Amino acid sequence: MKLLGSVTSPFVRKVRVVLLEKRIDFEFITDCMTGAEPLIEQYNPLGKIPALVLDDGVCLFDSQVITEYLDAISPVAHLIPEPTRERSLVKRWEALADGVLDAGVAIVLELRRPENERSPGWIARQRGKMERGLAAMSKELGQRQWCTAEAMNLSDIATGCALLWLDFRFPDLDWRGQYPNLDALAKKLAQRKSFKETPPDA
Ligand SMILES: N[C@@H](CCC(=O)N[C@@H](CS)C(=O)NCC(=O)O)C(=O)O
């Protein structure tokens with residue numbers, strides 16, 4: 001299978017970490033967003049990464065669909081519980097982490113516009129989502145070692161990818177100082193081989 005993405009995208013990183021944790025082989029195609037007719041548009045009409053092209057040509061998107069698929073095709077390192085309340089709680093964490101990222105990506109894109117076209121109100125609205133999202137993550141994690149279970153699963157991977165992307169794009173946001181429990185979780189995840197192999201600044 002082929003993964004269309006970039007090293008900087010946190011959604012792509014989440015998928016790469018899942019692939020590595022589950023030891024699934026894949027080809028990583030990064031030159032897919034540029035040019036007059038970007039390759040990504042052949043596979044994902046929305047033009048967004050990640051997109052996972054299966055061996056039969058079917059393309060899966062978005063990242064939440066891909067992570068669910070990958071967990072289903074291999075029993076190695078089961079990352080999402082069976083359909084129960086626990087499963088919904090893991091998916092909810094993934095939605096929360098991805099939502100913080102959606103708000104962060106919206107700010108990054110807004111800041112790339114010419115200064116006189118930027119909307120401070122829009123940026124503040126997105127910033128509020130990020131800040132409330134981080135507060136919710138910290139409250140939910142509490143003093144536990146992992147987000148939802150006794151061992152790492154997709155909820156932790158999604159949260160780790162979101163937090164570590166904030167370090168990369170929002171170095172002034174002091175989430176580590178504000179939320180020591182998230183800091184401890186991120187530090188633990190950053191030690192894993194799958195995270196070490198997928199830095200956003202490689
Ligand atoms: N909900 C999507 C979000 C993906 C996303 O926003 N990807 C960004 C890169 S971080 C992208 O491809 N942006 C290009 C665009 O929107 O045209 C997912 O989880 O896959």
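**Notebook: salt bridges and the domain contact**

I started with R127 and E131, which both lie in helix α5 (residues 120-141), four residues apart, about one turn of the helix. Helices here are DSSP runs of H or I with at least four residues, strands are E runs of at least two, and both are numbered from the N terminus. R127 forms a salt bridge with E131, with 3.2 Å between the closest N and O atoms. I took a salt bridge as a side-chain nitrogen of Lys or Arg within 4 Å of a carboxyl oxygen of Asp or Glu. R127 is partly exposed at 31% relative accessible area, and E131 is partly exposed at 40%. Buried means under 20%, exposed over 50%, and partly exposed in between (1.4 Å probe, protein chains only).

I noted the source: this is a predicted model, where local features need pLDDT of at least 70, side-chain atom pairs count only at pLDDT 80 or more, and totals for chains, interfaces and linings use all residues. Residues are numbered from 1 along each chain as its sequence is written, and side-chain values use heavy atoms, with hydrogens and water left out.

Next I looked up the domains. The assignment, automatic or from a database, gives domain 1 (2-73) and domain 2 (85-192). Their contact (heavy atoms within 4.5 Å) takes 12 residues from domain 1 and 18 residues from domain 2. The centres of the two domains, taken over C-alpha atoms, are 21 Å apart. I read the buried area between them as about 1,300 Å², with 60% from carbon and sulfur atoms; buried area is the accessible area (1.4 Å probe) that two parts lose on being put together, summed over both.

I then asked how many salt bridges there are between domain 1 and domain 2. The count is five, and for the model by this rule it is 15.

I looked at E94 and K14, which form a salt bridge with their closest N and O atoms 2.8 Å apart. E94 is in helix α4 (residues 85-111) and K14 in helix α1, 80 residues apart. E94 is buried, with a relative accessible area of 0%, and K14 is buried at 1%.

K22 and D71 also meet in a salt bridge, at 2.8 Å from N to O. K22 lies in the loop between α1 and β2 (27-29) and D71 in helix α3, so this pair ties together parts 49 residues apart in sequence. I found both K22 and D71 buried.

Last, I checked E68, which pairs with K91 in a salt bridge at 3.7 Å between the closest N and O atoms. Salt bridges link K14, E68, R87, K91, E94 and D98 in a network.
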